[in-house]
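Please look over the structure below before reading on, and keep it in view as the paragraphs lead from one part to another.

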Amino acid sequence: MSETRSVLLVDVLVLLALLGPTQWGAMGSSHCKRHNDEMIRPHSVTITEFGAVGDGVTLNTKAFQNAIFYLNSFADKGGAKLFVPAGRWLTGSFDLISHLTLWLDKGAVILGSTNTEDWPIVDPLPSYGRGRELPGRRHRSLIFGRNLTDVVITGENGTIDGQGSMWWERFRNKTLDYTRPHLVELMNSTGVVISNLTFLNSPFWTIHPIYCSHVIVQNVTIRAPLDSPNTDGIDPDSSDDVCIEDCYISTGDDVIAIKSGWDEYGISYGRPSKNIIIRRLIGETHSSGIAIGSEMSGGVSDVHAEDIVFFNSTTGIRIKTSPGRGGYVRNIFISNVSLANVKVAIRFTGRYGEHPDESYDPKAMPKIERITFKDIHGENITVAGLMEGIEGDNFINICLYNITLSVNSISPWNCSNVQGFSSLVFPQTCELLEESIFPDHCTECYHLLQEHRIRNKGARLLSWWTYLGT
Ligand SMILES: *[C@@H]1O[C@H](CO)[C@@H](O)[C@H](O)[C@H]1NC(C)=O
Ligand SMILES: *[C@@H]1O[C@H](CO)[C@@H](O)[C@H](O)[C@H]1NC(C)=O
Ligand SMILES: *[C@@H]1O[C@H](CO)[C@@H](O)[C@H](O)[C@H]1NC(C)=O
Ligand SMILES: *[C@@H]1O[C@H](CO)[C@@H](O)[C@H](O)[C@H]1NC(C)=O
Ligand SMILES: *[C@@H]1O[C@H](CO)[C@@H](O)[C@H](O)[C@H]1NC(C)=O
Ligand SMILES: *[C@@H]1O[C@H](CO)[C@@H](O)[C@H](O)[C@H]1NC(C)=O
Ligand SMILES: *[C@@H]1O[C@H](CO)[C@@H](O)[C@H](O)[C@H]1NC(C)=O
Ligand SMILES: *[C@@H]1O[C@H](CO)[C@@H](O)[C@H](O)[C@H]1NC(C)=O
Ligand SMILES: *[C@@H]1O[C@H](CO)[C@@H](O)[C@H](O)[C@H]1NC(C)=O
Ligand SMILES: *[C@@H]1O[C@H](CO)[C@@H](O)[C@H](O)[C@H]1NC(C)=O
Ligand SMILES: *[C@@H]1O[C@H](CO)[C@@H](O)[C@H](O)[C@H]1NC(C)=O
């Protein structure tokens, strides 16, 4: 008895040494925290001081540009705040600067102009090589920032409304010359906070941080009609240390889509999306709740999503890729997801298609591995999983743990070219994912063992090792 016990303790110590510090615990408390002292701006101006009129009709682009130009002189003096009071402030695209807080008071609504000429044409993103939906250049976002540090867009639940219906109509009737603009795009910036606001009716993706680090999106509401084209909620793109929390998002396309560039352009730009936390998110969409890809050519890794609710949606979690993309998706951990009225709970698509041009390399295969889904519960699900990898390029080390879905279909799982493990999955998963996680394969399951250690410290850890030892 005592001998068995000492062996167990040794095992536990070895385990603790192997696992090292609790990586996610540490990350969670660092990159979801903003630095409060940066938030207090010693200088403040109100948009009306620059001639803006909040009648919903007067175009205020010049007022925003002039106010921000003026505030540039405070950038090295602790920064400044641009206060937007209650009113309806129509504007075209404008640029932010470093050390700026754009503050929308209660009742403040920034309205995007419905004239395409108020949204200038800019170069395509280098990691895309062309506009996402049309070749060539693209419209600049309503609120844009480039090469910035310490920029905050916040307030008391003011609203930024892109008035996107004109763009959606013109997309549908094919009368646009350039790719549609985002509502907010920040490029090559660090120390970005977007919080306590409502975003409505984006022409295209709503919030698009690209080539950014240290981005926090917190406590925002994003809405666009469920049938509006490509109105994604938040798209972290070739960005790292991103935290998205406490958001409500109901849109026409993916609630959150993590991306990193498109085929040969994304491969050569080579900037991954990594260290991304998503938590306490509620969403609804006719597309996917959390999507990774389909543009993932710069790689996506270390994504941790938890405490998520998706309802009345087409797909819960989806990984989309294609031959030609190259890159990788690895170390993804998704847990505590609740789904209701969702057609497909989990979906992998290995042949998404869509290439920027004919110069992509069809032999550039994406590497998809170490993807863990844990504690997923679903009511009124049509299909549990459509798990389609790529022939000759299996998606590997896929782990499903503690998943309970009430499914209508008679063939709940459909798997091809995937390999992985599962435990406690109902309805029972497909053969390719059927091998048991415990005890042989738990180390192949990203984060699962560590998660056990964090949640079940002490007595339960010991009983866990007793179980493994038998
Ligand atoms: C990114 O911004 C920094 C300044 O903040 C600048 O030095 C650098 O050249 C920029 N890089 C790109 C690719 O825009
Ligand atoms: C950002 O940095 C890049 C690279 O240094 C430069 O080409 C570009 O003009 C800068 N843009 C702005 C708005 O500062
Ligand atoms: C979320 O934002 C609203 C106003 O938009 C505010 O009243 C509330 O306190 C915020 N909650 C958190 C957790 O920041
Ligand atoms: C913010 O306002 C929107 C409507 O504009 C509302 O749906 C949302 O619940 C409000 N958010 C908070 C946190 O008060
Ligand atoms: C396309 O839609 C726009 C916006 O609704 C409209 O102004 C335009 O007349 C339409 N053009 C055609 C050719 O249908
Ligand atoms: C959001 O608003 C709440 C309530 O005013 C405030 O406590 C919180 O700090 C704000 N959060 C951010 C990230 O601005
Ligand atoms: C799971 O997420 C829900 C919110 O979606 C939350 O209320 C609940 O506390 C979470 N459960 C655990 C065990 O963290
Ligand atoms: C979801 O859809 C069902 C069926 O269409 C509807 O009854 C329900 O109100 C919707 N739920 C929400 C929260 O909108
Ligand atoms: C079940 O979900 C489907 C959509 O997938 C929806 O049309 C139907 O109304 C839902 N049934 C119930 C009872 O909510
Ligand atoms: C399985 O997940 C559910 C939430 O969906 C949770 O309440 C339960 O404790 C989990 N069970 C195990 C064995 O982890
Ligand atoms: C499984 O999915 C493939 C597409 O990946 C489809 O062609 C096939 O019909 C599906 N099989 C079943 C039984 O649903």
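The paragraphs below turn to some paired strands, then to a nonpolar core, and finally to the surroundings of a ligand.

This is a predicted model, in which local features need pLDDT of at least 70, side-chain atom pairs count only at pLDDT 80 or more, and totals for chains, interfaces and linings use all residues. Residues are numbered from 1 along each chain as its sequence is written, while chains are lettered from A and ligands numbered from 1 in the order in which they are written.

Strand 3, residues 80-84, has four of its five residues buried (20 or more other C-beta atoms within 10 Å of the residue's own, with C-beta atoms placed from the backbone); strands are DSSP runs of E, at least two residues, numbered from the N terminus. Strand 3 pairs with strand 1, residues 43-46, in the parallel sense over four bridges, where pairing requires that DSSP finds at least two bridges between the strands. Strand 3 also runs parallel to strand 6, residues 100-104, and five bridges join them; here phenylalanine 83 has tryptophan 103 as its bridge partner.

The largest nonpolar core has 117 residues, and Leu82, Leu100 and Ala345 are among those with the most contacts inside it; such a core is a set of buried Ala, Val, Leu, Ile, Met, Phe, Trp, Tyr and Cys residues joined through C-beta atoms within 7 Å. Strand 24, residues 328-349, gives the most to this core, with twelve residues. Because domain 1 (1-33 + 254-470) and domain 2 (43-233) both give residues to this core, it lies between them, the domain bounds coming from an automatic or database domain assignment.

Ligand 3, lastly, is surrounded by Glu156, Asn157, Asn196, Asn219 and Asp246, each with its C-beta atom, placed from the backbone, within 6 Å of the ligand.

Conventions
A residue is buried if 20 or more other C-beta atoms lie within 10 Å of its own, exposed if 12 or fewer, and partly exposed in between; C-beta atoms are placed from the backbone.
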